[in-house]
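Subject: Structure handover

Hello,

Here is the structure I said I would pass on. Please open it and keep it beside you as you read the notes below.

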Amino acid sequence: MKYSYFPGCSLKATGRAYEESFLSLCKALDMEMEELENWNCCGATSFMSVEMGAAYALTIRNLAIAEKAGLDMVAPCGGCYGILLKADHYYKKYPTVHESAVKSLKTEGLEYKGTVRVRHPLDVLASDLPPRALRSKVKKPLKGLKVACYYGCRFVRPIAPFDDMHNPETMDLLLKTVGARIVDYTMKGKCCGGAMSGAMPNVAQEMTYLILRAAERAEADVVATACPLCQFNLEAYQDEIRAAHPDLKPIPVVYFTQLLGVALGLDATATALNRQIVPVEPILREKGILADEKKQPATAGV
Amino acid sequence: MDDKTIGNGSEEVRIGFFICHCGSNIAGTIDVEAVADYVRTLPNVVVSSDYKYTCSVAGQDMIVEDILKYKLNRVVVAACSPLLHEKTFRAATQRGGINPFFFHMVNIREHGSWVHQDRALATQKAMDMARGAIARVKFHKALEKRREPVRQSVLVVGGGIAGIHAALTMANAGKKVYLVEREPTIGGHMAMFDKTFPTLDCAACILTPKMSEVGSHPNIVLWSYSEVTEIKGYVGNYDVTVKRKPRYIKEDLCVGCLDCIDHCVFKTGNTDDEFNQNLSKRKPVYIPFAQAVPRLVAIDPAACTHLNGGKCEQSCATACDRQAIDFEQKETFEHIGVGAVIVATGFKPFDAHRKPLYGYGRFPDVYTALEVERLVCSSGPTGGDVVLKDGSKPKSVGIIHCVGSRDHQTNRWCSRVCCMYSLKLAHLLKEHTDAEIYNFYIDIRTPGKGYEEFYERLQEEGNHFIRGRVGDITDVPIIPEEEGRMIVRVEDSLAGFVRRIPVDMVVLATGLEPREDASEIRRRFNISCSSEGFFLERHPKLAPVSTTTDGVFLAGCCQGPKDIPDTVAQAGAAAAESLVLLDVGYVEMEPMTAFVTEKYCSGCKTCLPLCPFSAISRDEEKGVAVINPVLCKGCGTCVAACPSGAITQNLFEDRQIFAEIEELLVHA
Amino acid sequence: MPENFEPKILAFFCNWCTYTAADLAGVSRMKYEPTTRVVRVMCSGRVDPQFVLDAFAHGADGVLIGGCHPGDCHYVEGNYKLLRRFRMLRRLVASLGIEPERLRMEWISASEGERLQKVVNEMTAQIKLLGPLELPERFREWDTELHEETFDKEREVVASGQ
Amino acid sequence: MGNKPKIAFYWCSSCGGCEESLVDMAEAIVELSTQIEIVLWPVAADFKKKDIEAMADGEIVATMLNGAIRTSEQEEMARLLRRKSQILIAYGSCAYTGGIPGLSNQFPREQLLKYVYHDAPSVVNPEGQDPQTEFHDAGRVATLPIFSEVVRSLDQVVDVDYYIPGCAPNPELVLDAIHALLSGNLPSKGTVLAPDIALCEHCPRLKTKPADIAIDEFKRPHQHLIDPNVCMLVQGFACLGPATRSGCGGACLKANMPCTGCFGPMSNVRDQGAKALCALASIVAGTTNEEIDSALDGIPDPVGTFYRYGLAKSMLRRKVNMEPTLSK
């Protein structure tokens, strides 16, 4: 199994844990990820509302490059994934978008025929692996770990190629496969507030708070995410939120790929657990999933 | 070719062509005069004229007069679809004194003027089509319609209010009725309702007398817990097989004393009670509800210990002094013959799980409307007490309209009854609990006698109406008043902001859907479905209870969502249409059947496996195939397959079709 | 290819489904290309491969057969019988050099007026790209290699020689 | 001798099998020769074209011409014999429907010539010579007929009165035809002189064909054992018996091979291949494209199967798209 891999900006910066854990996981599962050559910003920025034509051209350039590779294109970041799907759709549906993109691509000698299938790691891991491939590789089942799977928006809205728009379940199923207990709570598809964190931080933090509190009330040990924006937003502002809501306990927010990596027995570098703001290792040790601290080799800092 | 098969033998073919303007419907797009002029130049055409409305009396008279005046022996009319007016013009042809099958119709309206814009091209197409018809009609021959007697009995499928009403109407008119119901009792959804809108009369009070009448009517054979498995034959003469599922009770012995239920080893219910929407439990030996018809118990093989191979003292059987319980009962099959069929198989409520954001199945106090019907009903699981799962009474209730209706993610259609039943439930819930009632609606639709007045009454009663489609039901509070309650999040599109309304109980006004097995039933009865899956009527306005299969009629919600008054009216109409069929006493069979010309048949048996109606047999003595004209339905499949060209289909003969093809393709 | 090439599509429509769908398209005033010439049959099972070849031989640029969806045949399974013939026929027609787009079979139910519109427009567009088939013209062209005239002249010479 | 009706035999694009079938009349032909005068029979007797040209139009009572028409010479002879004969009979499958030579209507002329003169494994043509219609040598001109683009049945070139089908026709049919001719007891023009009923009629295997036959898989005769007593279709062999005129006496079936259709269609059928296809495909098992296709995969060459003898006379006549380069 071979894919084109589109990291986007986050996975090279705040979401490095995602990239590291995802790529190690793929390696362990014999899925080859070939980073797209000369990729550019996915285009999921407010530039969309400034100059639509140019903004979509930016996105479609990535699709054009991927088309040359002839493989499915995996985009782990929710922002990237959503905008790539949307741009592909608009490119096919709206002549104005199409024309301006064709014109822009031409300047670089590129063209996009519209054949690229944009995929998310959740989709790829759930759909493409042979049955039981994941289960058979589990070395340290996440027994006793209560996980609140958090999906946010972009994998299923406005386009939902692989899961239910309102009640996504792919992550639940994957983590269940490796032994985790999935808690039921009603906020898994609600907005994380990320889009507001710059402009109206208090609003954003209020939204984040409701999600974290719901997870906490559902007795989750950890929140699992599949998007670097969600992950950052849910984890990085917990101190600020606590200023307004002292009742909120710190709760680690990890990537689902990190948890899968742990279950597959991958080492600390591969799972990038050291990059957490709210440490997750103590919980994993407490549950007996990770070995005791003493035996654990020291991990490098960020 | 056989001489006997050639129309009027050696007689000269004289064709009259008539093209219709249909007001401006045709003439607006097609140059009808030009077509008439063109056709006049074709061989054998004696007269070619255009007329404003050919289907009018004057138009038909013109055809009759021209047949006489010009000694026509063929008639071609270019007008609308033959499915609409072929009968009309065949009759006119006959009035002119020639066999009606010397007529052929060209569809230049539905297939021409209404679908094309370019006048020149549409006119060209009309000319080509006329030319094809002129070519084919030369080869037409005189045919006779066969008459077959109609059996004086009717099958009604489904024992809801539609089936009940249709069955009683037919039975009261003196016809033999077979009413087949899948469940152990008739009554359908209406039996589950508490009150009916807008009059608020009790559903059971108006339904159960009709149910008993069905049970005791001398002209009605009621088979409950039964299903139609096969139907063969044709209009007026259907052969039906009905499967009677074992209810493990000898129907002729059971008197409905219900002693067996009392003596069941289970002292309380052990399985979900479907009639109460699974809000209560029932025993494996049960009667669906007190007024069930027929009043016969049934044993649920899924719940009965003995039938599941377990050890049981079978106290129910010993309790029955009439020894009516029979654990050895097997399914049986009844074979009946009927003249007509009324399909009244009803609907399925929308599955609320399909709207996960409304929390059905997640939050215990989110109910469907049908569940609430049972909750407010005094014979329901709580004896009419509206209490939540924790036993408390709700202080505020949200009723969400259009769940699974008017929704592009689920069903696009309006289910027609939900607004009114929501208003009814709002009224009943207020009456039972005095709670604050919030109706969340998109539009309130109350087209019906007394319906709008009922809506006004509800407003006056102090119910809240909030216009907006509910986004979701959440259990995540942001203010203390919301703690521990469900919060309805909705954009109030009149006020222009998002509201969060905490409630204790949510009622989902689920829409109406086709039943899961609608497409299976449709195939069994050889009828069509419209795109959303409800059965398709022959014409939405003019043949609303007929189907494309003659002798099969529709009643009730299987054709589309409707309320009780409309259902009853439609059931009456279906009964009336069936009565017409039965009282006329015969049906005329279209003569487009196939026949074998023996001298060309090698007896190769190619045709034998192809006939779905077993109309083809083999005369072993002569070594040829023989088609039974009574069984042949005229599909022509064997005709196409016959490698000798020995089979001919009337009205669809090879030479007619070849002539049509070849002339259609000659550009005028 | 001639300018403004308007393909001629001969269509065989089943009375119960596709023909009725075409009626519905008409009643709903859905516009589509005026390229079809419809032969109504009671069931798509009546469609004899001879009809299809005859249509091509007489100048059809395409042939469209419309029947009921599998399982929905008014005559139980006539459409399956058509399907079996059609699967063979399309192989034959392809081996005889006729582009597969020119022979199309579609299941269109009575309620699918929109689908009918789409199919006719789509097929018309495809055939416009392919250009005319023009078999009658080709037959004439092939037969220009015959020598009737030449030999007739020789005959005159022989006759006059006698 | 002068009073005996004049009969001509001629051959065009054919294999010689039809000539064999005349010889197969055995003693009967000796007897016949006392009643008729043979004026042309290239395979057996030395008559010249000029002898025929010298005759008056219509002087020959009947000509039996076998073989398809592919060259200018054949066309010329067909026209000549048509003029000189009162009755022209297309003799054998090739003259009747194009026959085996008609199958070359699937290929462009140049491709055929290239194969035959260059690429065929048995060809020795070191100088890569192609045949020419004219060859000049020392002032002399040798000519060859023009090889035409399209193979035709006889009636696609000249008017034909009767047809005797078969590859080759069987002697009984020929004798019957000649006797009818001599007695003047002739059917209407255009008649095929063989029974107008399919071969299955007298097939002894027919009784083994069930009424609910459904073919799961078509098989090819050279790859399987064939049961000599069971209907070929029941065994999955594409037998064209149901779609083929009888009169051959079921010769192939007696030799345990399926009918390939040489006697052509019955009078109510316009295109034998299409009808045969329809009859066979209609009884294939399966309801999905995949199931049906897998059964049909056993017929890898539909043209060769259904139009083995009839492509030239079929509705489409030849492969439509191969950019014909017509030679004039």
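Start in chain B, where two helices meet. B:Gln60, B:Ile63 and B:Val64 in H2(B) touch B:Thr88, B:Ala92, B:Thr93 and B:Arg95 in H3(B). Sorted by class, this contact has three nonpolar, three polar and one charged residues. Keep in mind that the whole model is predicted.

How do the two helices lie? Helix H2 covers residues 57–69 of chain B, and helix H3 covers residues 82–95 of chain B. Their axes are 8 Å apart, and the packing angle is about 40°. H2(B) and H3(B) are therefore oblique to each other. Angles under 35 degrees would count as roughly parallel. The crossing of H2(B) past H3(B) is right-handed.

Most residues other than glycine have a negative phi, and most peptide bonds are trans. Here are some exceptions to look up.

- B:Phe197 and B:Pro198 are joined by a cis peptide bond, with omega about -10°. Look for B:Pro198 in the loop between strand S8 (195–196) and strand S9 (201–202) of chain B.
- The bond from B:Val293 to B:Pro294 is also a cis peptide bond. Its omega is near 0°. B:Pro294 sits in the loop between strand S15 (285–286) and strand S16 (298–299) of chain B.
- C:Arg29 has a positive phi, near 55°, and is not a glycine. This residue lies in the loop between H1 and S2 of chain C.

**How the chains meet**

Which two chains share the most contacts? Of the four pairs of chains in contact, the answer is B and C. There, 42 residues of chain C are in contact with 42 residues of chain B. On the chain C side, the elements that give two or more residues are helix H1 (18–27), strand S2 (36–41), helix H2 (49–57) and helix H3 (78–95). H1(C) gives the most, with six residues. By class, this side of chain C has 20 nonpolar, ten polar and twelve charged residues.

Chain A also touches chain B. Seven residues of chain A are in contact with six residues of chain B. The chain A side divides into three nonpolar, three polar and one charged.

Other pairs do not meet. No contact joins chain A and chain C, and their closest C-alpha atoms lie 17 Å apart. No contact joins chain A and chain D either, with their closest C-alpha atoms 25 Å apart.

**Inside chain A**

Chain A is divided into domain 1 (2–119) and domain 2 (133–295). The domain centres, taken over C-alpha atoms, are 25 Å apart. Their contact takes 22 residues from domain 1 and 25 residues from domain 2. Helix H1 (16–28) and helix H3 (78–93) of chain A each supply at least two residues of the domain 1 side. H1(A) has the largest share of that side, nine residues. By class, the domain 1 side has ten nonpolar, nine polar and three charged residues.

Now find the sheet in chain A. Four strands form an open sheet in the order S6-S5-S7-S8, with parallel pairing. Which strands are at the edges? They are strand S6 (181–182) and strand S8 (253–255) of chain A, and each pairs on one side only. Strand S5 (residues 146–149) runs parallel to strand S7 (residues 222–225) of chain A, and three bridges join them. In that pairing, A:Val147 stands opposite A:Val222 in S7(A). Helix H7 (residues 170–177) of chain A packs on the sheet and touches S5, S6 and S7 of chain A. The direction of H7 makes about 160° with that of S5(A).

**Inside chain D**

Chain D is divided into domain 1 (6–100 + 149–183), domain 2 (108–121 + 129–148) and domain 3 (199–306). The centres of domain 1 and domain 3 of chain D, taken over C-alpha atoms, are separated by 31 Å. Where these two domains meet, eight residues of domain 1 are in contact with seven residues of domain 3. Helix H5 (residues 92–97) of chain D provides the largest share of the domain 1 side, three residues. That side has four nonpolar, four polar and no charged residues.

Best wishes

Terms used:
Residues numbered from 1 in each chain as written. Chains lettered and ligands numbered in written order. Predicted model: local features only at pLDDT ≥ 70, side-chain atom pairs only at ≥ 80, totals over all residues. Nonpolar A, V, L, I, M, F, W, Y, C, P; charged D, E, K, R; others polar. Pairing = 2+ DSSP bridges. Axes fitted to C-alpha atoms, helices over the stretch in contact; angles between N-to-C directions. Domains from an automatic or database assignment. Parallel < 35°, antiparallel > 145°, perpendicular 65-115°, else oblique. Left-handed = near helix turned anticlockwise from the far one by under 90°.
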